[in-house]
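Here is a short briefing on a protein model. Look at the structure first, then work through the points by topic.

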Amino acid sequence: MNSINRRSALLAGLGIAGAGALAACATGSGGPVSLGLVSPSGSAVAAVENKRKGTGRTRQVTLTAARAVLDLGAGIKADSWAFNGRTPGKELRLSVGDTLAAELSNQLPDRTTTSIHWHGIALRGDMDGVPAVTQAAVRAGRNFTYRFITDTPGTYFFHPHVGVQLDRGLYAPLIVEDPKEPLSYDDEWVVVLDDWVDGVTGTPDEVFAEVKQGMNMNMGDMSMRFMLMGARSTLLGGDAGDVKYPYHLINGRVPADPDAYTGKPGRRVRLRVINAGSDTAYRVALSGHKMTVTHTDGFPIRHQEVDALLVGMGERYDVLVTLGDGVFPLVALAEGKDMTGMALVRTGSGAAPAPTVRPRELDGMIMSASQLKAADDVRLPSRKTDQVHRIELTGGMTKYDWAINGKRFDMNDPTATPILVEQGQRVRLDFVNTTTMWHPMHLHGHTYQLGSGGARKDTTIVPPKKTVSVFFDADNPGQWMLHCHNAYHGEAGMIGLVAYRA
Ligand SMILES: [Cu+2]
């Protein structure tokens with residue numbers, strides 16, 4: 001079958017009609033579904049959703065994706081795409097067990113299709129927002145309503161899962177609160193980090209068109225507008241990133257005109273740090289403060305005091321800080337790129353620091369998830385591993401042929417080489433990085449554990465030439481993306497599909 005026919009057969013198998021309506025459809029006839037995979041809209045998915053504990057409350061929102069001229073501060077405007085006209089989009093905040101009913105209205109220009117992926121949430125498979133795997137792409141001028149129970153508290157975010165739209169302004173925090181929150185703190189501040197190009201030096205589509213030519217081609221014509229050479233980071237094990245960004249933003253603002261949190265000295269504040277960037281890891285520190293790390297990717301850990309955190313694309317960290325008296329820069333150093341994003345904490349009088357300030361904490365005790373341990377109540381119970389998959393990360397900058405197991409993913413033929421699991425299994429994934437660059441590997445629909453007793457995560461940094469093993473319980477049937485959260489590596493093909501056998 002050629003790829004177009006296979007795609008039609010797949011969509012037919014999923015029960016997808018052209019306009020994006022999902023019919024309830026059990027695993028059965030036609031196309032790749034007959035390979036014996038659980039359909040994202042099948043009965044196994046519905047059965048698990050029915051077991052999720054709901055409050056019965058529904059939160060209704062409309063998210064309009066459209067062109068917007070964004071004010072990044074200091075007189076800088078960016079013509080981009082955003083949800084409801086702002087970046088980051090307005091945060092969604094729910095309580096555990098609430099149902100989110102989010103209507104996506106696609107008003108993007110140029111007949112662009114889109115979707116929303118709810119990053120980190122273990123939700124029902126047909127609401128995961130991945131065309132053509134879990135739904136048909138939402139066409140321009142059309143709407144699609146995402147409806148699912150949010151049954152695990154934590155810090156999440158959402159963004160499209162089409163092309164390199166992640167690198168536009170289409171993202172916002174999603175916070176699921178625990179009514180029995182065990183942490184005690186006085187206030188919260190959500191801190192969203194992002195590397196910014198759109199509407200300033202070009203668009204993400206232009207960036208991808210250039211970088212996908214590969215390094216040799218670009219070196220030849222010497223007209224590189226976007227490709228970054230020589231970004232090195234010891235923390236990331238070598239090459240830090242592929243793309244030149246004119247700005248690094250915190251909560252949508254440039255350092256010269258920063259977002260500011262205003263509080264009182266002595267207060268304990270929970271920072272929810274989200275890296276919504278596409279090609280940049282950030283080293284984050286709050287000047288004059290230690291940070292106590294409490295959560296990784298929404299899940300509690302054994303508390304750990306640090307000076308700075310390394311946060312890859314798609315990762316989230318929650319930290320507690322006890323505020324000092326004065327004006328303090330919160331700085332996100334673009335790792336290996338020699339630029340920073342900045343926001344401020346104000347509890348007293350004082351002038352704002354220079355936008356280029358580098359707090360000494362950035363070079364203090366720096367941690368990332370690989371050094372942290374899951375809290376006792378979220379550690380996976382020990383049991384025998386039923387299934388091991390070797391996930392080789394392959395490719396490089398020369399040909400820009402980023403892939404998994406040497407195969408670049410084909411969005412038109414997603415089930416061609418599934419990574420098969422069965423419901424009820426304990427699964428181990430060995431990320432074997434054969435490349436000379438780090439990759440933040442993200443699994444949809446599940447929160448794995450790093451090694452035995454490590455932090456629970458859905459996105460983890462895999463350093464070059466290293467192997468990272470993660471464990472998860474196959475308890476959420478469906479078809480799930482496993483991919484590098486570098487938007488450009490993913491688009492180039494560093495994606496796999498974890499599929500449940502029917
Ligand atoms: Cu990558």
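Proline 88 sits in the loop between strand 2 (76-83) and strand 3 (92-95). Strands here are DSSP runs of E with at least two residues, numbered from the N terminus. The model is predicted: local features need pLDDT of at least 70, side-chain atom pairs count only at pLDDT 80 or more, and totals for chains, interfaces and linings use all residues. Residues are numbered from 1 along each chain as its sequence is written, and side-chain values use heavy atoms, with hydrogens and water left out.

**Backbone features**

- Most residues other than glycine have a negative phi, and most peptide bonds are trans.
- The bond from threonine 87 to proline 88 is cis, with omega near -10°.
- Proline 131 and alanine 132 are also joined by a cis peptide bond, with omega about -5°.
- Alanine 132 lies in the loop between strand 5 and strand 6 (143-149).
- Aspartate 110 is not a glycine, yet its phi is positive, about 55°.
- The loop between strand 4 (99-107) and strand 5 holds aspartate 110.

**Domains**

- The protein chain splits into domain 1 (52-180), domain 2 (188-372) and domain 3 (377-500). These bounds come from an automatic or database domain assignment.
- Between the C-alpha centres of domain 1 and domain 3 there are 23 Å.

**Where domain 1 meets domain 3**

- Domain 1 gives 22 residues to the contact and domain 3 gives 18 residues, where contact means heavy atoms within 4.5 Å.
- About 1,500 Å² is buried between domain 1 and domain 3, and carbon and sulfur atoms give 61% of that area. Buried area is the accessible area (1.4 Å probe) that two parts lose on being put together, summed over both.
- In domain 1, His119, Val133 and Val164 lose the most area to domain 3, together 31% of what that side buries.

**Copper site**

- Which atoms coordinate the copper ion? They are His439 (ND1), Cys484 (SG) and His489 (ND1), at 2.0 to 2.1 Å.
- Donors are N, O and S atoms within 2.8 Å of the metal (3.2 Å for Na, K and Ca); water is not among the atoms, so sites may look incomplete.
- The donor residues follow the spacing H-x44-C-x4-H in sequence.
- Histidine 439 in strand 27 (residues 439-443) and cysteine 484 in strand 32 (residues 479-484) are 45 residues apart, so this pair links distant parts of the chain.

Conventions:
Helices (H or I, at least four residues) and strands (E, at least two) are DSSP runs, numbered from the N terminus.
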